[in-house]
Amino acid sequence: MSTAPAGGSTRYLVLAAMIFAVAMTFIDQTIVSIAVPNIQQELKLTSTGVQWVINAYLLTLAAFFAFGGRLADTVGHRRTVVLGVLVFAGASACCGFTPTGSLAEAWLVAFRAVQGFGGAIMFPAALAIVVQNFALRERGRALALFFGIAGGLTAIGPVLGGYLTEWTWRAIFWVNLPVAAIALVLTAISKPVTESRPAPMDYRGLALIAGGVGLSVFGFQQSQVWGWSNPAIWLCIVAGVLLLVGFVIVEKRTVSPLIQVDIFRIRAFSVQNLVLGISMLVFVPVFFFSSEYAQIALGDSSSGAGVFLLYFFIGFVIASQIGGRMLDRGGAKRPVVIGCVLAAVGFYLWAGDATTLSFSTQQWDIVLAGAGMGFMLSPASTDAVNRASRLSYGEATGITQTVRNYAASLGLAVLGTVLVTDLRTRLTDSLVAQGLPHAQAVAEATHLSQVQAQSSASGSTATIPQFFRVDFAHATQTVLYWMAAIMAVAAVVAMIGLRPGVQAETTADEQEALASGREPGQV
């Protein structure tokens with residue numbers, strides 16, 4: 001049975017409800033890092049515990065997206081959003097009430113993991129509700145607002161976190177409670193119309209994909225701590241990849257699978273996920289690297305680094321609206337290709353100006369890079385989900401979000417290695433130039449990079465020597481050049497792989513064809 005999209009002002013009330021629902025997940029990707037020094041000091045956390053306060057959330061978020069999408073399609077999207085909001089808000093409250101003493105570390109890490117699980121089941125359902133309540137020709141604009149506003153909150157996180165932490169670090173978790181309340185009230189008022197497809201849960205598939213994503217993402221996360229030479233890193237990554245291969249094989253033979261893997265036979269869906277995966281190697285890591293650059297090379301405070309990121313999102317939010325409208329009028333290929341090209345140019349220009357140590361010379365480069373990412377991300381995500389049937393929107397969203405988070409973890413690991421390697425080489429050269437023997441310079445460069453990274457994490461960057469700032473700027477420049485090259489690759493993939501034209505509305509008769517892997521027509 002087909003249900004018509006919501007009409008008039010109701011659908012925008014639905015959109016507002018879903019934006020408030022997912023807002024918490026976007027804010028929490030960045031806001032917690034600002035409060036880490038205060039949390040560690042008050043709770044007396046170990047360095048490993050501090051790391052897991054960040055990683056536990058990201059790990060469960062990535063591992064359970066596919067489960068969240070499937071759950072939404074089988075039990076109902078609105079019900080799943082409400083459940084996800086309640087789980088996320090409840091876990092946030094528990095994080096805020098973390099007790100002091102020996103129980104503190106385990107308590108906080110555990111409820112950060114629960115937060116990630118709540119976000120993983122909430123996000124696919126929320127996006128599926130937006131898709132179901134807007135007609136095909138209006139989804140580009142609607143999802144541009146969804147991704148533009150929600151994505152912009154990622155940049156607000158560090159700024160908001162800086163102010164809240166001045167009161168108490170616990171407030172960075174409690175701030176989720178009024179946001180969750182607004183989301184639940186708006187959802188109750190708007191009563192979004194959704195469809196579901198009751199089916200048994202594929203727990204075998206869930207165990208394989210959660211284990212595969214979790215192990216490999218854990219390996220990527222730990223690469224900066226243990227080093228790539230540690231066999232445990234490669235053991236985690238290889239074991240994770242093998243589990244994911246096993247997941248694909250099992251799903252093809254399962255009557256009611258967690259993911260209909262044949263959906264990847266739809267050309268546009270596969271290409272858009274490839275483009276999203278490539279671009280996510282850049283999109284999430286740029287928040288981390290630009291924040292580090294602002295604090296270490298430019299000497300900004302943590303809240304000042306948050307303002308630095310706002311320039312990126314000025315371009316992102318504006319361009320995402322333009323890209324969404326282009327998607328509605330002419331299809332996904334043009335905005336996705338244009339966005340990738342603009343992002344590549346923006347990152348390239350930004351890299352060229354990074355060593356000036358002057359924000360004023362970089363601000364328009366940053367805006368251009370953000371505009372390029374905004375131009376392509378919303379149309380690519382929307383077009384990918386549009387390829388699924390109405391009864392599989394949650395599943396398709398779960399797939400795209402798994403791809404995006406997996407790629408972001410890989411990007412952080414690889415580009416982080418590039419940054420550290422380049423920085424140590426430059427520091428060694430600088431120390432040799434100051435008269436240190438080469439062997440001593442190598443050891444000192446390694447020590448300096450570790451000490452200054454800890455100083456940056458604690459917000460204490462005033463004592464960083466000038467030569468270190470310059471060398472860090474050059475290392476960041478190398479990373480930005482890599483980002484430009486990655487986005488150029490994404491542009492080539494989109495240019496070759498995507499077909500021009502506006503996608504036709506999927507009819508009931510074509511939904512079965514979609515499930516079997518045949519792509520819907522274009523007009």
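Two residues are in contact when they have heavy atoms within 4.5 Å. The model considered here is predicted. Among contacts in the protein chain between residues at least 6 apart in sequence, those joining residues at least 24 apart account for 81%. The secondary structure of the chain consists of 19 helices and zero strands. Of its 523 residues, 59% are buried. The accessible surface of the chain is about 19700 Å², and carbon and sulfur atoms contribute 67% of that area.

After α16 comes G435, which has a positive phi, near 110°.

Two salt bridges involve residues of this helix. In one, the side chains of D422 and R426 meet with an N to O distance of 2.6 Å. D422 and R426 are four residues apart in helix α16, so about one helical turn separates them. An α-helix has 3.6 residues a turn, so residues three or four places apart point the same way. With a relative accessible area of 16%, D422 falls under the 20% limit and therefore counts as buried. R426 is partly exposed, because its relative accessible area is 28%, between the limits of 20% and 50%.

In the other, the side chains of E395 and R70 form a salt bridge at 3.9 Å, N to O. This pair links distant parts of the chain, since E395 belongs to helix α16 and R70 to helix α4 (residues 65–75), 325 residues apart. E395 is buried, with a relative accessible area of 3%, and R70 is buried as well, with 2%.

A search of the whole structure finds six salt bridges. One of them joins the side chains of E42 and R170, at 3.1 Å from N to O. E42 lies in helix α2 (residues 31–43) and R170 in the loop between α7 and α8 (171–174), so the pair ties together parts that are 128 residues apart in sequence. E42 is partly exposed, at 37% relative accessible area, whereas R170 is buried, at 13%.

The whole structure contains 30 aromatic pairs. Among them is the pair of Y12 and F134, which is edge-to-face, with 5.3 Å centre to centre and 80° between the planes. Y12 is in helix α1 (residues 8–28) and F134 is in the loop between α6 (104–132) and α7 (139–167), so this pair ties together parts 122 residues apart in sequence. Y12 counts as partly exposed, at 35% relative accessibility, while F134 is buried, with a relative accessible area of 1%.

The rings of F283 and F313 also form an edge-to-face pair, because their planes stand at 70°, with their centres 6.5 Å apart. F283 lies in helix α12 (residues 267–296) and F313 in helix α13 (residues 302–330), so the pair ties together parts that are 30 residues apart in sequence. Both F283 and F313 are buried. These two residues belong to one aromatic cluster, which is formed by F283, F287, F312, F313 and F316.

A buried alanine gives another view of how parts of the chain meet. A180 is located in helix α9 (residues 176–190) and is buried, with a relative accessible area of 3%. Leaving aside residues up to four places away in sequence, A180 touches M24, V85 and A89. The C-alpha atoms of A180 and A23 are separated by 8.9 Å, although the two residues are 157 residues apart along the chain.

The surface, finally, carries a nonpolar patch. V341, V345, Y348, L349 and Y481 make up this patch of about 430 Å². Helix α14 (residues 333–354) gives the most to the patch, with four residues. L349 is placed in helix α14, and its relative accessibility of 37% makes L349 partly exposed.

Methods: Residues numbered from 1 in each chain as written. Heavy atoms only, no water. Patch = residues over 30% accessible without salt bridge, like charges linked within 9 Å, V, L, I, M, F, W, Y side chains within 5 Å. Areas by Shrake-Rupley, 256 points an atom, 1.4 Å probe, with all protein chains shown as cover. Salt bridge = Lys/Arg side-chain N within 4 Å of Asp/Glu carboxyl O. Buried < 20%, exposed > 50% of the residue type's maximum accessible area, 1.4 Å probe, protein only. Phe/Tyr/Trp six-rings, centres within 6.5 Å; stacked < 30°, edge-to-face > 60°.
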